[in-house]
Structures are given as C-alpha cells and as structure tokens.
Amino acid sequence: MATEIVTPIALARDAREQAFLPFSAPWFGDEEKNEILQTLDSDWITTGPRTKTFETKFADYIGAGEAVAVSSCTAALHLALAAIGVGPRDAVITSPLTFAATANVIVHQGAQPIFVDIDPDTYNLDPDKLLTFIQQQCRWDPRNCALWTKKTNKRVRAVIPVHYAGHPCEMNKINACAREYRMKVIEDAAHALGATYFGRKVGTLGDMACFSFYPTKNICTGEGGMFTTRDPDLAQRVRVLSLHGISRDAWKRYGPEGSWQYDILAAGFKYNMTDLSAALGIHQLQKLPRFLKRRKEIAAQYQILLAHLPLKRPKVLPNVESAWHLYPVQVRSPQLSREQLIARLRADNIGTSVHFIPLHLMSYYQRRFGYRAGDFPVAESVFNRIVSLPFFPRMTDTDVERVGVAMRKAFVEPVAA
C-alpha cells in the first residue's frame, strides 16, 4: 500500500481552512475571572486595595523597592518626565524605532525629542551612537553640570532606552554615559517584563522604569502600566501626580479611615489604575514565569523552523535573558518583499505586525522637529524588512508549526508578475 506524502504546500493549503491565528492574544483563566467578580462584589472598583496589592507584588518581583500602578505605560512615561521636571527648555534622547508614546510624552512636557539610531542586531538604542551624538552635537556646561544641544540650545535632561522586543539595552554603557553627563535614565520596559541584564531584572537598571500591561504584552490588565524606582521620594511625586495632584489617595479618602479633607499639591493627571485592572494583574503576575517559559520555547521552535529561510532572526546577546515579547524577522530575499510575505501569511489566515514605523518618518515629527528620511539609516533599513510573527504563550506547538509551514511555502512559491 502506497504511503501518502504530505507536502508543505498541502499543509499550507489546509491552513487556509483553519481559524485565524492572530499576531498576539492575552491568556486569562478562572483565577482572573473569579477575582474580577470578587472585585465587583466588593463595591471597590477604582483605585483601592487590589491596586495596592498589585503594586506590592510587582515591586517585590522586580526588586525595585517602589511601584506605582497607572493606567498605561504611556502614563508612566509621562509621569516620569513630569516628576523630574522636564519642560520646554529641555530635550530627551530616545530611539526612533519605538511606538509613538515614547516620544509623544516628551512633546507633552514641551521638550524636544532627540532620536539616536539603533544597533543593527538588537534594534535597541546604540550606546556608541549615543556617545557620538553627545560629543559632536552637544556642549558640556561645567559650571552648571549640564549638557546642552548645540543646534537648539536645549538642556538634555534624560535618556529613554527602549528594550525592544524584550531584549535589554546595553545598560552599562548607557548608564555610564548618563552619569557622566548628568542625565536621568528612564527605561521604556513596555516589552521587557521578566528580562534580565547581567542577572538584574529590567526595571532596576536605570533611575526609573515604565511597564505596559496592554493586551499584546507579557501580562495583561486590559489597559494598564507600572512605574518603578528605588527612590521613595520620586515614587511619591509620581503617585501624587497620577491622581490630580491630590495629597492623599482616593481610596484612603473614601475608606473607613479616610477623611474628606485633601489638598492639591500639583496640577496632576488622571492616570490611576483601577482595582478591576489590578484584579487581572495580580494573577497575571503569578503566571508570568510560565508565560516567559512558553515564550522562550516558542522562540526556540521558530529558530529551528526558520533556520534555512532568507531571514535575519532575533539575536540574544551574552549576559542577557530576553523577555521574548516579539519574534521579529527581517526578510532578506531578492524575490519576496516584506509586504508580499505579510500578504501570503494573511492568505493562510495568519496575522502579523510591524514594529515599528520609525518616528522620524512620521509627518508630525518631520513637520515639528525637521526630521527627514535618511536621518537614521539603521532604523530605516530594519523597518523596511522587518515583520513580527505570531507570538504569545497560548500558541500550541501546532500553531507554531503552522506558521513555519506557511513561511516555508511563502518563499517557495513564485511571485506573481
């Protein structure tokens, strides 16, 4: 009896009949659902005891000492800049290959966002280019211990390294540069919960850090974020600013030991996390080690499945444990473009994404700050070829294999003229 040979093309044809495989999806269980119901029954759904529990557990996990739960990572980044007094006479350095929020919050404070190009392997801010920028385009004021841009005469107050895809930046070099030139270091750790650098967790590597709990992130609270620091005074300023500048927490005002009296200490924001969000976060954080383990397994499977395709796969540097938030690959085929690959995966009911369109190519940043195409060639080169494959802990081995089959098929089939 003849044995039927199942080819990758046949498998891929079957894949088109399968359900859509998204680029990312959260993973909730009975623990989160029960906690949400208990929160609703408690009558305390805004900032309250569950938010405080989540903050404590998160600070313990990171080892940062202080954690302030907020409504998003964007909020955490904005509060970080506001808390250190960044304003219209200032500038803040970050990566062009990041989501808009990283630079938008700099603009919200009236400051100038300065982009420095990325490392071609990790896609993180390149510390050598950072130092070159400072040495060539800035001047040091020894009298006031301040760094100023030559072109716009702005004081460079901070640097925001973005831990792209969960891979930590080269923080030793960045921190050394920041110390020499009196800049604060604010980690954009939206992708990097659980990552380590020389054995230390992301979130403890700079002066402060900001995390995201958006549905695509390593843990999810619907919407949400966290600010961490070792400085209790800084944490208190962030806490006050996160809720209108009120001198005491809302849950303390309305609790059994609270008081109706309060003061407005600053013109703050409405950036607090709710207990409904924290109810999810408490259990998601408990599950994080399992999530991280599965992400690492999926990454290893992809590395094998895609090994012989014309792709640049993610690279992890020594002394780093990536949080594997994304699995981005660069298409390096003269026959198949990134857009054609995305279309072929979509035809097989497989979702993808692109992280990110460099911010200096966005019309607002070009119009407002004069950035142009060609300013950051490494970021542009990466962007033109990169695509993020489906990557989340709920994926089964069959899901991963399905992506691998579809990828191999995409590079085998001829491109229509």
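How do the residues of the lining of the largest cavity divide into nonpolar, polar and charged? They divide into 8 nonpolar, 3 polar and 2 charged. Here Ala, Val, Leu, Ile, Met, Phe, Trp, Tyr, Cys and Pro count as nonpolar, Asp, Glu, Lys and Arg as charged, and the others, including Gly, as polar.

The model is predicted: local features need pLDDT of at least 70, side-chain atom pairs count only at pLDDT 80 or more, and totals for chains, interfaces and linings use all residues. Residues are numbered from 1 along each chain as its sequence is written, and side-chain values use heavy atoms, with hydrogens and water left out.

Grid points are joined across faces, edges and corners, and a volume is the space filled by probe spheres set on the points. The count is 4 cavities of 30 Å³ or more. The largest cavity holds about 110 Å³ of space. Its lining has 13 residues. Nearest its centre lie Tyr164, Ala165, His167, Pro314 and Lys315. Ala165 also has a positive phi, near 60°, in a residue other than glycine. This residue, Ala165, sits in the loop between β6 (155–160) and α7 (171–180). Helices (H or I, at least four residues) and strands (E, at least two) are DSSP runs, numbered from the N terminus.

Strand pairing was assigned where DSSP finds at least two bridges between two strands. Strand β14 (residues 328–331) is joined to β15 by 3 bridges. Pro328 has Ser388 of β15 as its bridge partner.

Another open sheet of 3 strands runs in the order β9-β8-β13, again antiparallel. Its edges are β9 (200–201) and β13 (320–321); each has a single partner strand, so one side of each lacks a neighbour in the sheet. Strand β8 (residues 196–197) pairs with β13 over 2 bridges. Tyr197 stands opposite Val320 in β13.

Strands β4 (residues 138–141) and β5 (residues 146–149) pair in the antiparallel sense over 4 bridges. Trp140 has Leu147 as its bridge partner in β5. The hairpin of β4 and β5 has 4 residues between the strands, and Cys145 takes a positive phi near 50°.

A cis peptide bond joins His355 and Phe356, with omega about 0°. Phe356 is found in the loop between α11 (338–347) and α12 (363–369).

Notes: 1 Å grid on protein atoms, 1.4 Å probe; cavity = no way out; pocket = protein on both sides within 12 Å on 5 of 7 lines; lining within 4 Å.
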